[in-house]
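Here are a few friendly notes to read alongside the structure.

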Amino acid sequence: MASEAEKTFQRFAVFGESSSSGTEMNNKNFSKLCKDCGIMDGKTVTSTDVDIVFSKVKAKNARTITFSEFQEAMKELGQKRFKGKSPNEALENVFKLMEGKDPATTGVTVSDVLHLSFTPLNPYCSSLPSHPRLTVE
């Protein structure tokens, strides 16, 4: 049975990655997890800290991290986020922040933002086949 932290890891690992099995996470989703779960607070833990820790724990030529590497990263970020706590207490606090969290999908949809109109390339000659030109208003 996977721990709550591992389940959260898997949910964020597959977010936006149709080919992901949930066993490895890329830097983009790692940053999203840190932000959405409140690990990255902008003061003690910044996006730069998160990127540095990700690069530190991943294998040299890898672009993703495993859950084991993720735990190492959380230990490091936990000590930074919860200064004065023991490494295990800090990790426990980080995992509490992650409990039950899902990737946030707030905001407007693309269709709310874009108003599309199609204009033929040759508006003067309707008998010629024309390819529509896409304009974003």
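Predicted model: local features only at pLDDT ≥ 70, side-chain atom pairs only at ≥ 80, totals over all residues.

1. Setting aside residues up to four places away in sequence, Asn-93 touches Phe-82 and Lys-85. You will find Asn-93 in helix H5. Asn-93 has a relative accessible area of 18%, so it counts as buried, the cut-off being under 20%.

2. Is Lys-85 buried, partly exposed or exposed? Its relative accessibility is 40%, so it counts as partly exposed. Apart from neighbours within four places in sequence, Lys-85 is in contact with Ala-90 as well as Asn-93.

3. Next, please look at the largest nonpolar core, which has 28 residues. Those with the most contacts inside it are Phe-30, Ile-39, Phe-70, Met-74, Leu-77 and Met-98. At least two residues of this core come from each of helix H1 (4–14), helix H2 (27–36), helix H3 (47–57), H4 and H5.

4. Not counting residues up to four places away in sequence, Met-74 touches Phe-30, Cys-34, Ile-39, Leu-91, Val-94, Phe-95 and Met-98.

5. Finally, how do H3 and H4 pack? Their axes lie 9 Å apart, at an angle of about 140°, and the crossing is right-handed. Residues making the contact include Val-50, Val-53 and Lys-56 of H3, along with Glu-72, Ala-73 and Leu-77 of H4. By class, this contact has 5 nonpolar and 6 charged residues, with no polar ones.

Technical notes: Residues numbered from 1 in each chain as written. Heavy atoms only, no water. Buried < 20%, exposed > 50% of the residue type's maximum accessible area, 1.4 Å probe, protein only. Contact = heavy atoms within 4.5 Å. Core = buried A, V, L, I, M, F, W, Y, C linked by side-chain atoms within 4.5 Å. Helix = DSSP H or I, 4+ residues; strand = E, 2+ residues; numbered from the N terminus. Axes fitted to C-alpha atoms, helices over the stretch in contact; angles between N-to-C directions. Left-handed = near helix turned anticlockwise from the far one by under 90°. Nonpolar A, V, L, I, M, F, W, Y, C, P; charged D, E, K, R; others polar.
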